[in-house]
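Here is my note on the model you sent. Keep the structure open while you read the points.

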Amino acid sequence: MDVSTFYALFSATCFTLVGLWWTVVQRYEAWLRSPTGRRDAGGIYLAFLLPALMGLFAQIGGTTSPHIWRASFVIVAALGCWSTLRLLQRAHADGDAGTFARHRWIAAVIYAAIAVLGVAPELAKPLGVTPLQAEATLLILLVALAHWLVWEFMTHAEPEGRA
């Protein structure tokens, strides 16, 4: 598949998931009434939004202007890493860390790898792929982790939050 086509489909899919998530959140408004619920709902929102934004920047820069996607991937990945670590810290402090929340550090590692590849794209060469292909693989892993986060949140939310 052409990398440009992949990123177009990927971004559209992630933005669709953002919209679907907000539809779910509207249905369960009680989640937004507590700091923990807002934190978790917002974390899921970012888990889909940030990869979507990186996909858009990859389309803008592509292979002809790699400095655009490289800079944007570094910035967005740094934001993703920071927000993920912050969410992890708060979940542990609140004592409400489920399976994913305890392993949310995996997302932070993936964000860090995305940023490193943005800074040093030549690291993808030994893998036999282009830098944008390597980044695409990491973004797919982020979205898979986001689905795990949604599953955990939907199956472990407080019963009164579902009313």
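1. Start with S11. At 2% relative accessibility, S11 is buried; that word means under 20% relative accessible area, exposed means over 50%, and partly exposed lies in between (1.4 Å probe, protein chains only). S11 sits in helix 1, residues 3-27. Leaving aside residues up to four places away in sequence, S11 touches A52, G55, L56 and Q59. A contact here means heavy atoms within 4.5 Å.

2. A word on the source. This is a predicted model, in which local features need pLDDT of at least 70 and side-chain atom pairs count only at pLDDT 80 or more, while totals for chains, interfaces and linings use all residues. Residues are numbered from 1 along each chain as its sequence is written, and side-chain values use heavy atoms, with hydrogens and water left out.

3. Now the overall fold. The chain has 6 helices and 0 strands. Helices (H or I, at least four residues) and strands (E, at least two) are DSSP runs, numbered from the N terminus. Of the chain's 163 residues, 44% are buried. Take the contacts between residues at least 6 apart in sequence: 72% of them join residues at least 24 apart.

4. Look along helix 1. Its 25 residues should span 36 Å at 1.5 Å a residue, and the end C-alpha atoms are 36 Å apart, which agrees. The expected span is 1.5 Å times one less than the number of residues. Which residues of helix 1 are buried? They are F6, Y7, F10, S11, C14, L17, V18, W21 and V25. An α-helix has 3.6 residues a turn, so residues three or four places apart point the same way.

5. Helix 2 covers residues 35-61. Its 27 residues should span 39 Å, and its end C-alpha atoms are 38 Å apart, which agrees. G62 follows helix 2 and has a positive phi, near 55 degrees.

6. Check the charged pair. The structure holds 1 salt bridge, meaning a side-chain nitrogen of Lys or Arg within 4 Å of a carboxyl oxygen of Asp or Glu. The side chains of R39 and D40 form it, at 3.0 Å from N to O. Are these two residues buried or exposed? R39 is buried, because its relative accessible area is 8%. D40 is buried too, at 16%. Side chains of opposite charge can pair when their charged atoms come close.

7. The structure holds 1 cavity of 30 Å³ or more. A cavity is a set of points, on a 1 Å grid over the protein atoms alone, where a 1.4 Å probe fits but cannot get out; lining residues have an atom within 4 Å of a point. Grid points are joined across faces, edges and corners, and the volume is the space filled by probe spheres set on the points. The largest cavity has a volume of about 140 Å³. Of its 16 lining residues, G43, A47, T84, A107 and Y111 are the closest to the centre. Helix 2, helix 3 (66-94), helix 5 (105-119) and helix 6 each give two or more residues to the lining.

8. The buried residues in helix 5 include A107 and Y111.

9. Finish with Q133, in helix 6, residues 131-156. Q133 is partly exposed, at 33% relative accessible area. Q133 and D2 are 131 residues apart in sequence, and their C-alpha atoms are 9.7 Å apart in space.

Note on methods. On a 1 Å grid over the protein atoms alone, a cavity is a set of points where a 1.4 Å probe fits but cannot get out, and a pocket is an open set with protein on both sides within 12 Å along at least five of seven lines; lining residues have an atom within 4 Å of a point.
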